Amino acid sequence: MSEQHEHWIDLRSDTVTQPSSAMRAAMAAAPVGDDVYADDPTVNRLQDYAAELFGFEAGLFAPSGTQTNLIALLGHCGRGDEYLVGQEAHTYKYEGGGAAVLGSIQPQPIANQADGSIALADIAAYIKPDDMHFARTRLLALENTIGGRVLPQDYVLAATRLAHGKGLATHLDGARVCNAAVKNGISLRAAVEGFDTVSVCLSKGLGAPVGSVLLGPKAFIEQGKRWRKMLGGGMRQAGVIAAAGQYALENNVERLAEDHQNAADLSAGLAQIEQLRVTTPQTNIFYVEIPEAAVAGLREHLTRQGIRASIGTHTRLVTHLDVSKQDVQKTINAFKEFFK
(Lines give C-alpha, C1' and ligand atoms only; values in the text may rest on other atoms or scores of the structure.)
Protein backbone atom coordinates (compact mmCIF):
# COMPACT_ATOMS: atom_id res chain seq x y z
CA MET A 1 0.00 0.00 0.00
CA SER A 2 1.36 3.44 -0.92
CA GLU A 3 2.04 6.05 1.72
CA GLN A 4 -0.70 8.62 2.30
CA HIS A 5 0.26 12.27 2.68
CA GLU A 6 -1.83 15.44 2.55
CA HIS A 7 0.93 17.19 0.60
CA TRP A 8 3.49 15.41 -1.54
CA ILE A 9 6.72 17.17 -2.41
CA ASP A 10 7.15 15.99 -6.00
CA LEU A 11 10.63 16.54 -7.43
CA ARG A 12 10.38 14.15 -10.38
CA SER A 13 9.62 16.80 -12.99
CA ASP A 14 8.02 20.20 -13.54
CA THR A 15 5.32 18.37 -15.52
CA VAL A 16 3.61 17.36 -12.26
CA THR A 17 2.32 20.86 -11.43
CA GLN A 18 -1.34 21.29 -10.50
CA PRO A 19 -3.41 24.14 -11.97
CA SER A 20 -3.97 26.88 -9.41
CA SER A 21 -7.43 28.00 -8.36
CA ALA A 22 -7.05 31.14 -10.51
CA MET A 23 -6.04 29.04 -13.51
CA ARG A 24 -8.99 26.70 -12.94
CA ALA A 25 -11.31 29.70 -12.79
CA ALA A 26 -9.96 30.95 -16.12
CA MET A 27 -10.53 27.49 -17.62
CA ALA A 28 -14.09 27.31 -16.31
CA ALA A 29 -14.95 30.75 -17.70
CA ALA A 30 -13.36 30.28 -21.14
CA PRO A 31 -15.59 30.82 -24.19
CA VAL A 32 -15.18 27.86 -26.55
CA GLY A 33 -15.92 26.73 -30.08
CA ASP A 34 -14.84 24.03 -32.53
CA ASP A 35 -11.12 24.57 -33.03
CA VAL A 36 -10.95 22.34 -36.12
CA TYR A 37 -13.12 25.01 -37.76
CA ALA A 38 -10.88 27.68 -36.14
CA ASP A 39 -13.98 28.71 -34.18
CA ASP A 40 -12.60 28.52 -30.64
CA PRO A 41 -12.00 32.13 -29.53
CA THR A 42 -9.85 31.13 -26.57
CA VAL A 43 -7.55 28.96 -28.68
CA ASN A 44 -7.32 31.73 -31.28
CA ARG A 45 -6.46 34.24 -28.57
CA LEU A 46 -3.72 32.00 -27.14
CA GLN A 47 -2.17 31.40 -30.57
CA ASP A 48 -2.16 35.11 -31.41
CA TYR A 49 -0.92 36.12 -27.96
CA ALA A 50 1.95 33.60 -27.97
CA ALA A 51 2.98 34.59 -31.49
CA GLU A 52 3.09 38.27 -30.51
CA LEU A 53 4.87 37.54 -27.22
CA PHE A 54 7.70 35.62 -28.92
CA GLY A 55 7.79 37.71 -32.10
CA PHE A 56 6.36 35.36 -34.73
CA GLU A 57 3.63 35.71 -37.35
CA ALA A 58 1.41 32.88 -36.13
CA GLY A 59 0.96 30.12 -33.59
CA LEU A 60 -0.56 26.64 -33.44
CA PHE A 61 -1.87 25.07 -30.22
CA ALA A 62 -1.34 21.32 -29.87
CA PRO A 63 -1.73 18.73 -27.10
CA SER A 64 1.99 18.25 -26.42
CA GLY A 65 5.51 19.42 -27.08
CA THR A 66 6.26 16.08 -28.71
CA GLN A 67 3.57 16.91 -31.25
CA THR A 68 4.60 20.52 -31.87
CA ASN A 69 8.21 19.43 -32.37
CA LEU A 70 7.11 16.69 -34.77
CA ILE A 71 4.87 19.09 -36.72
CA ALA A 72 7.88 21.39 -37.09
CA LEU A 73 10.14 18.60 -38.30
CA LEU A 74 7.51 17.42 -40.79
CA GLY A 75 7.07 20.98 -42.03
CA HIS A 76 10.77 21.65 -42.51
CA CYS A 77 11.84 18.25 -43.87
CA GLY A 78 10.49 15.88 -46.48
CA ARG A 79 10.91 12.16 -47.00
CA GLY A 80 14.61 11.38 -47.28
CA ASP A 81 15.72 14.66 -45.70
CA GLU A 82 17.67 14.92 -42.45
CA TYR A 83 17.94 17.27 -39.50
CA LEU A 84 21.01 17.98 -37.38
CA VAL A 85 20.35 17.46 -33.68
CA GLY A 86 22.17 16.92 -30.40
CA GLN A 87 22.60 13.42 -29.01
CA GLU A 88 20.89 14.55 -25.78
CA ALA A 89 18.01 16.40 -27.46
CA HIS A 90 14.41 15.43 -26.79
CA THR A 91 13.51 15.42 -30.49
CA TYR A 92 16.17 12.74 -31.05
CA LYS A 93 16.29 10.77 -27.82
CA TYR A 94 12.98 11.07 -25.97
CA GLU A 95 10.20 11.50 -28.53
CA GLY A 96 9.82 7.95 -29.81
CA GLY A 97 11.68 8.40 -33.08
CA GLY A 98 8.58 10.10 -34.49
CA ALA A 99 10.36 12.00 -37.24
CA ALA A 100 11.87 8.78 -38.63
CA VAL A 101 8.78 6.62 -38.11
CA LEU A 102 6.12 9.06 -39.30
CA GLY A 103 8.06 11.41 -41.57
CA SER A 104 10.84 9.25 -43.04
CA ILE A 105 13.17 11.99 -41.80
CA GLN A 106 16.70 10.95 -40.84
CA PRO A 107 18.13 12.45 -37.65
CA GLN A 108 21.85 13.22 -37.75
CA PRO A 109 22.78 13.10 -34.06
CA ILE A 110 25.83 15.11 -32.98
CA ALA A 111 27.57 15.01 -29.59
CA ASN A 112 26.50 17.78 -27.22
CA GLN A 113 29.21 19.81 -25.52
CA ALA A 114 29.37 20.08 -21.72
CA ASP A 115 27.28 23.28 -21.80
CA GLY A 116 24.57 21.60 -23.91
CA SER A 117 25.54 23.24 -27.18
CA ILE A 118 26.58 21.55 -30.42
CA ALA A 119 30.02 22.75 -31.54
CA LEU A 120 29.79 25.05 -34.55
CA ALA A 121 32.54 23.08 -36.29
CA ASP A 122 30.52 19.89 -35.82
CA ILE A 123 27.40 21.51 -37.27
CA ALA A 124 29.33 22.58 -40.34
CA ALA A 125 31.02 19.19 -40.70
CA TYR A 126 27.77 17.21 -40.61
CA ILE A 127 26.00 19.19 -43.35
CA LYS A 128 25.91 16.80 -46.31
CA PRO A 129 27.04 17.75 -49.80
CA ASP A 130 24.49 17.84 -52.63
CA ASP A 131 25.05 14.24 -53.66
CA MET A 132 22.60 11.39 -54.27
CA HIS A 133 24.44 9.22 -51.77
CA PHE A 134 23.41 11.41 -48.85
CA ALA A 135 20.22 12.43 -47.16
CA ARG A 136 19.48 16.10 -47.81
CA THR A 137 20.39 18.23 -44.79
CA ARG A 138 17.51 20.63 -44.27
CA LEU A 139 17.33 21.70 -40.64
CA LEU A 140 19.28 22.49 -37.47
CA ALA A 141 17.26 21.68 -34.34
CA LEU A 142 18.49 22.99 -30.99
CA GLU A 143 17.02 22.72 -27.50
CA ASN A 144 17.05 25.40 -24.78
CA THR A 145 17.20 24.70 -21.91
CA ILE A 146 18.73 21.25 -22.35
CA GLY A 147 19.05 19.14 -19.22
CA GLY A 148 18.54 22.34 -17.25
CA ARG A 149 21.46 24.07 -18.96
CA VAL A 150 20.97 27.42 -20.69
CA LEU A 151 22.61 27.80 -24.10
CA PRO A 152 24.78 30.94 -24.24
CA GLN A 153 22.94 33.57 -26.24
CA ASP A 154 25.94 34.44 -28.40
CA TYR A 155 26.23 30.74 -29.27
CA VAL A 156 22.54 30.56 -30.28
CA LEU A 157 22.96 33.51 -32.63
CA ALA A 158 26.17 32.09 -34.11
CA ALA A 159 24.66 28.63 -34.64
CA THR A 160 21.51 29.92 -36.32
CA ARG A 161 23.55 32.28 -38.52
CA LEU A 162 25.75 29.36 -39.55
CA ALA A 163 22.71 27.23 -40.39
CA HIS A 164 21.02 29.95 -42.40
CA GLY A 165 24.27 30.69 -44.21
CA LYS A 166 24.37 27.04 -45.30
CA GLY A 167 20.77 27.12 -46.50
CA LEU A 168 19.28 25.30 -43.50
CA ALA A 169 16.14 26.18 -41.58
CA THR A 170 16.30 26.39 -37.76
CA HIS A 171 13.94 25.02 -35.11
CA LEU A 172 14.08 25.41 -31.34
CA ASP A 173 12.64 22.89 -28.94
CA GLY A 174 11.85 25.59 -26.42
CA ALA A 175 10.05 23.40 -23.93
CA ARG A 176 11.74 25.43 -21.17
CA VAL A 177 12.81 28.48 -23.18
CA CYS A 178 11.03 30.72 -20.67
CA ASN A 179 13.42 29.39 -18.01
CA ALA A 180 16.32 30.29 -20.30
CA ALA A 181 15.01 33.82 -20.86
CA VAL A 182 14.46 34.43 -17.14
CA LYS A 183 17.91 33.04 -16.28
CA ASN A 184 19.59 35.25 -18.89
CA GLY A 185 17.51 38.30 -17.98
CA ILE A 186 16.38 38.79 -21.57
CA SER A 187 13.02 39.04 -23.31
CA LEU A 188 11.25 36.02 -24.73
CA ARG A 189 11.73 37.50 -28.20
CA ALA A 190 15.46 37.79 -27.65
CA ALA A 191 15.64 34.19 -26.35
CA VAL A 192 14.23 32.80 -29.63
CA GLU A 193 16.06 35.14 -32.01
CA GLY A 194 17.48 33.31 -35.01
CA PHE A 195 14.94 30.50 -35.12
CA ASP A 196 12.44 30.02 -37.93
CA THR A 197 10.13 27.99 -35.68
CA VAL A 198 9.87 27.44 -31.93
CA SER A 199 7.94 24.96 -29.80
CA VAL A 200 6.96 26.36 -26.38
CA CYS A 201 5.63 23.98 -23.71
CA LEU A 202 2.92 25.34 -21.42
CA SER A 203 2.67 22.33 -19.10
CA LYS A 204 6.10 22.34 -17.47
CA GLY A 205 7.28 25.21 -15.29
CA LEU A 206 4.54 27.49 -16.57
CA GLY A 207 2.04 25.24 -14.79
CA ALA A 208 -0.70 24.58 -17.37
CA PRO A 209 -2.14 21.04 -17.27
CA VAL A 210 -1.60 20.32 -20.97
CA GLY A 211 -0.49 21.82 -24.26
CA SER A 212 2.27 23.42 -26.31
CA VAL A 213 2.36 26.14 -28.95
CA LEU A 214 4.29 25.98 -32.23
CA LEU A 215 5.31 29.42 -33.49
CA GLY A 216 6.53 30.40 -36.94
CA PRO A 217 5.65 32.05 -40.27
CA LYS A 218 1.93 32.15 -41.13
CA ALA A 219 2.28 29.89 -44.19
CA PHE A 220 4.27 27.34 -42.17
CA ILE A 221 1.65 27.29 -39.40
CA GLU A 222 -1.14 26.83 -41.95
CA GLN A 223 0.74 23.79 -43.28
CA GLY A 224 1.23 22.68 -39.69
CA LYS A 225 -2.53 22.47 -39.18
CA ARG A 226 -2.66 19.69 -41.78
CA TRP A 227 0.15 17.78 -40.02
CA ARG A 228 -1.57 18.29 -36.65
CA LYS A 229 -4.77 16.80 -38.06
CA MET A 230 -2.91 13.78 -39.47
CA LEU A 231 -1.20 13.24 -36.13
CA GLY A 232 -4.55 13.15 -34.33
CA GLY A 233 -4.15 16.59 -32.78
CA GLY A 234 -7.27 18.27 -34.13
CA MET A 235 -9.27 19.33 -31.06
CA ARG A 236 -12.80 20.61 -30.67
CA GLN A 237 -13.80 22.83 -27.73
CA ALA A 238 -10.17 23.16 -26.69
CA GLY A 239 -10.56 26.60 -25.15
CA VAL A 240 -10.91 25.06 -21.71
CA ILE A 241 -7.27 23.96 -21.87
CA ALA A 242 -6.04 26.88 -23.99
CA ALA A 243 -7.26 29.21 -21.22
CA ALA A 244 -4.82 27.53 -18.85
CA GLY A 245 -1.98 28.17 -21.30
CA GLN A 246 -3.04 31.79 -21.67
CA TYR A 247 -3.05 32.22 -17.88
CA ALA A 248 0.37 30.56 -17.68
CA LEU A 249 1.97 32.90 -20.20
CA GLU A 250 0.40 35.97 -18.62
CA ASN A 251 1.21 35.13 -15.00
CA ASN A 252 3.85 32.43 -14.59
CA VAL A 253 6.89 33.42 -16.65
CA GLU A 254 8.71 35.81 -14.31
CA ARG A 255 7.98 33.63 -11.28
CA LEU A 256 10.24 30.93 -12.78
CA ALA A 257 13.05 32.78 -10.98
CA GLU A 258 11.62 31.39 -7.72
CA ASP A 259 12.02 27.83 -9.04
CA HIS A 260 15.62 28.61 -10.00
CA GLN A 261 16.36 29.91 -6.51
CA ASN A 262 14.71 26.89 -4.89
CA ALA A 263 16.82 24.57 -7.03
CA ALA A 264 19.96 26.47 -6.06
CA ASP A 265 19.06 26.22 -2.36
CA LEU A 266 18.20 22.53 -2.61
CA SER A 267 21.41 21.65 -4.44
CA ALA A 268 23.50 23.65 -1.95
CA GLY A 269 21.85 21.84 0.95
CA LEU A 270 22.38 18.40 -0.57
CA ALA A 271 25.98 19.25 -1.46
CA GLN A 272 26.70 19.40 2.27
CA ILE A 273 26.14 15.63 2.47
CA GLU A 274 29.48 13.88 2.11
CA GLN A 275 28.12 10.80 0.33
CA LEU A 276 26.51 12.77 -2.51
CA ARG A 277 27.89 14.48 -5.62
CA VAL A 278 25.64 17.35 -6.65
CA THR A 279 25.67 19.55 -9.74
CA THR A 280 25.01 23.29 -9.51
CA PRO A 281 21.77 24.22 -11.30
CA GLN A 282 21.48 27.02 -13.84
CA THR A 283 17.68 26.86 -13.79
CA ASN A 284 15.26 24.47 -12.05
CA ILE A 285 17.00 21.15 -12.80
CA PHE A 286 20.08 19.55 -11.30
CA TYR A 287 21.55 16.08 -10.80
CA VAL A 288 22.70 14.07 -7.81
CA GLU A 289 25.06 11.07 -7.86
CA ILE A 290 23.96 8.64 -5.14
CA PRO A 291 25.88 5.53 -3.97
CA GLU A 292 24.20 2.45 -5.39
CA ALA A 293 23.98 0.80 -1.97
CA ALA A 294 21.89 3.74 -0.69
CA VAL A 295 19.39 3.97 -3.53
CA ALA A 296 16.66 1.58 -2.37
CA GLY A 297 16.76 2.71 1.24
CA LEU A 298 16.76 6.40 0.34
CA ARG A 299 13.81 5.93 -2.00
CA GLU A 300 11.78 4.29 0.78
CA HIS A 301 12.86 6.91 3.34
CA LEU A 302 11.80 9.81 1.12
CA THR A 303 8.47 8.17 0.34
CA ARG A 304 7.74 7.86 4.06
CA GLN A 305 8.51 11.58 4.36
CA GLY A 306 6.06 12.45 1.57
CA ILE A 307 8.76 13.21 -1.01
CA ARG A 308 8.57 11.86 -4.55
CA ALA A 309 11.80 11.65 -6.53
CA SER A 310 13.14 9.35 -9.24
CA ILE A 311 15.95 8.06 -7.03
CA GLY A 312 18.75 6.19 -8.77
CA THR A 313 22.51 6.36 -8.91
CA HIS A 314 22.09 9.35 -11.27
CA THR A 315 19.09 11.29 -9.99
CA ARG A 316 17.44 14.32 -11.58
CA LEU A 317 15.68 16.71 -9.20
CA VAL A 318 13.35 19.40 -10.54
CA THR A 319 11.75 22.34 -8.73
CA HIS A 320 8.52 24.00 -9.86
CA LEU A 321 5.66 26.20 -8.71
CA ASP A 322 4.29 23.53 -6.35
CA VAL A 323 7.60 23.25 -4.47
CA SER A 324 7.97 25.91 -1.76
CA LYS A 325 10.98 27.07 0.24
CA GLN A 326 9.61 25.05 3.14
CA ASP A 327 9.46 21.97 0.90
CA VAL A 328 13.09 22.53 -0.06
CA GLN A 329 14.18 22.63 3.57
CA LYS A 330 12.11 19.54 4.42
CA THR A 331 13.78 17.68 1.55
CA ILE A 332 17.27 18.70 2.64
CA ASN A 333 16.47 17.57 6.20
CA ALA A 334 15.14 14.23 4.94
CA PHE A 335 18.30 13.55 2.93
CA LYS A 336 20.52 14.54 5.84
CA GLU A 337 18.56 12.35 8.25
CA PHE A 338 19.06 9.34 5.99
CA PHE A 339 22.78 9.86 5.46
CA LYS A 340 23.77 10.94 8.96
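Helices (H or I, at least four residues) and strands (E, at least two) are DSSP runs, numbered from the N terminus. Axes are lines fitted to C-alpha atoms, for helices over the stretch in contact (heavy atoms within 4.5 Å), and angles run from 0 to 180 degrees between N-to-C directions.

This is a predicted model, in which local features need pLDDT of at least 70 and side-chain atom pairs count only at pLDDT 80 or more, while totals for chains, interfaces and linings use all residues. Residues are numbered from 1 along each chain as its sequence is written, and side-chain values use heavy atoms, with hydrogens and water left out.

Helix α12 (residues 256–271) lies across β9, β10 and β12 and runs at about 15° to β10. These three strands form an open antiparallel sheet in the order β9-β10-β12, where two strands pair if DSSP finds at least two bridges between them. β9 (277–278) and β12 (314–318) are the edge strands. Five antiparallel bridges join β10 and β12; isoleucine 285 has valine 318 of β12 as its bridge partner.

A pocket is, on a 1 Å grid over the protein atoms alone, an open set of points where a 1.4 Å probe fits, with protein on both sides within 12 Å along at least five of seven lines; lining residues have an atom within 4 Å of a point. Volume is the space filled by probe spheres set on the points, which are joined across faces, edges and corners.

| Largest | about 340 Å³ | α2 (41–54), β2 (58–62), α10 (218–230) |

In the largest pocket, α10 gives the most to the lining, with seven residues. The lining of the second largest pocket includes Ile285, Tyr287 and Arg316.
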